[in-house]
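Subject: A structure to look at

Hi,

Here is the structure I promised to pass on. Please open it and keep it beside you while you read my notes on its charged side chains.

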Amino acid sequence: MKEAIELLKSNDLLKIIDDELDIYLEIPHIAYVEVKKEDSKAILFTNVVDRKAGKKFDIPVLMNVFCNEKAVKLFIGDGDKIGAEIESLLKMKPPTTFSEKLSTFGKLFALKNTIPKKSKGKGECQEVIKIGSEVKLSDLPILTTWEQDGGPFITMGQVYTTSLNGEMKNLGMYRLQVYDDNTLGMHWQIHKDSNHFFHEYKKAGKKMPVSIGIGGDPMYIWCGQAPLPIGIFELMLYGFVKNKNAQLVKSITNDIWVPRDNDFVIEGFVDPSTMKIEGPFGDHTGYYTLEEEYPFMEVTAITSKEKPTYLATVVGKPPLEDKYMGHATERIFLPLLKTTAPDLIDYYMPENGVFHNLIMAKIKTLYPGHAQQMMHAFWGVGQMSFVKHAIFVNEDAPELTDHEAITEYILNRINIDDILISRGVVDALDHSSPKFAVGGKLGLDCTGEEIKELGITLLSDEELLYRVNEITPEVKELKQYFTNTKNPVTVVTVDKTRNQKELFEDLKPLYSNLKILVIVDAANQNDVENSYMLVWRVVNNIDSNRDIYIEDNTICLDGTNKNSLDNFDRRWPDDVDCTKEVIDSLRKRGILDISDEFIKKFQL
């Protein structure tokens, strides 16, 4: 971690803030604002306090370590280059010439570094050892990020677990709620390897050992969220990318092995027979995930370096630190995805689609129905199975990251006959599905030729809003996007008093002026001029089985918050919002230098 800090500093990617700042809201709010800036940097907080407890820490807090693309390359490397190395291994053929044999031998010899190396004795992470009555999670500057959070959460914990028979190891990155000085919640979602291990221990009636690393090489964090196939230990990816073995030491009070250079290690056991209510937590979807029962760990030891640094991240509305980690993941795992979908050319998960809510993929289209086949392949592969909305384009499409050009390409090819609406597993964090973890899937096949004109008459925004309001006053604002395409998009805000299908039907006299209608609430900071946050809102809020209406070649997307008007029985969560008093205080003290326009743009 000291090397990481020096690396950030030498590359002008580090801010050091010496002002006294609180672990409750202040520190995470500052990091949340910083990561949204175009020139965002990592922040080292050196004067950390817990005002509620009247406590001052001598432990600095580092946040936004993956603050931009440059930082990712410093700590992980060039994603395209690493992806090419993986692809060359996957395509490796038996060598025929002497030079081919040498090349093959070199590649295979380098793979020895993927196996983590176990060291005897103690590591730097065990210079200070606290067990028994000395164990206090409150000795760590664990942050409370959002006002409605259920308590403090560890947000960059490396969670190390092992299968019951000891044959499989896992490193995952999960949020960890602090209940008291000796108890941590384990947010193991249904699809996580740790959850599979948990059920093994539960069936056997045995306690499950868990160790949590904090700090050390930032690469551990990225490995922990990498979408590797089940059974492959994530620290093998560390060895492959770094071309050196991860160095491990045994935990003090259980048999889990952890990186010797972690700044902190929290050890303990999970009793599979008992659960606790975990949450709420302001999550990376930009919404609070609500209270649910999850396992919890009884802490048996906390070890650390003599002078550790506490590493944390902040999640909420995009853009976030995971934007930069996610883009590296895309590049590196493209070759592995191609093994299941060989005609895939490229894919892109925009950060304002919070990754699992929206994916765009470019394919080499070979036959009718090819895109639909690829949709099903995606929805059946690992973490891709949680993607809610998938848009497929042909190889002649613009770069997927060219937002303007690719959107025009897609809108010129949306055909109602090529829309696939399905149902399947969705991420446990999804709040819009009528049932937990099961919801709608939307696939758009935009691999064909441009569609013919469908004969709508374009009106100005002012004229169209006037005609809408002649039908109903509930529509408050209106803006049209991409009127130069075959499928212009009209966004409206509403004061919602009824099911939006009724509004859509009432607007039937205007179908000759509408192709794609998107409805959002007039409340919740929604702004028809803010396309970035509108995409975030809509892909979060729609379930394709419930919220897509099609009639007379007009498509409607209901992106409003759902309630009893929609026969929605689950509790709809609040947006993740900064506490205004905290932001105002930080601005007044000169610690935050942001404008009202910035606050509005990112809906802070």
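A salt bridge here means a side-chain nitrogen of Lys or Arg within 4 Å of a carboxyl oxygen of Asp or Glu. By that rule, searching the whole structure gives 40 salt bridges. As background, side chains of opposite charge can pair when their charged atoms come close.

Two notes on the source. This is a predicted model, in which local features need pLDDT of at least 70 and side-chain atom pairs count only at pLDDT 80 or more, while totals for chains, interfaces and linings use all residues. Residues are numbered from 1 along each chain as its sequence is written, and side-chain values use heavy atoms, leaving out hydrogens and water.

Start with Lys 242 and Asp 217, a salt bridge whose closest N and O atoms are 3.2 Å apart. This pair links distant parts of the chain, 25 residues apart: Lys 242 belongs to helix 8 (residues 234-242), and Asp 217 to the loop between strand 14 (208-214) and helix 7 (219-224). Helices (H or I, at least four residues) and strands (E, at least two) are DSSP runs, numbered from the N terminus.

Are these two buried or exposed? Buried means under 20% relative accessible area, exposed over 50%, and partly exposed in between (1.4 Å probe, protein chains only). Lys 242 is partly exposed because its value is 28%, whereas Asp 217, at 12%, is buried.

Next, Asp 255 pairs with Lys 250 at 3.4 Å between the closest N and O atoms. Asp 255 is exposed at 58%, and Lys 250 is partly exposed at 33%.

Finally, a network of salt bridges links Glu 20, Asp 22, Glu 26, Arg 51 and Arg 589.

Best wishes
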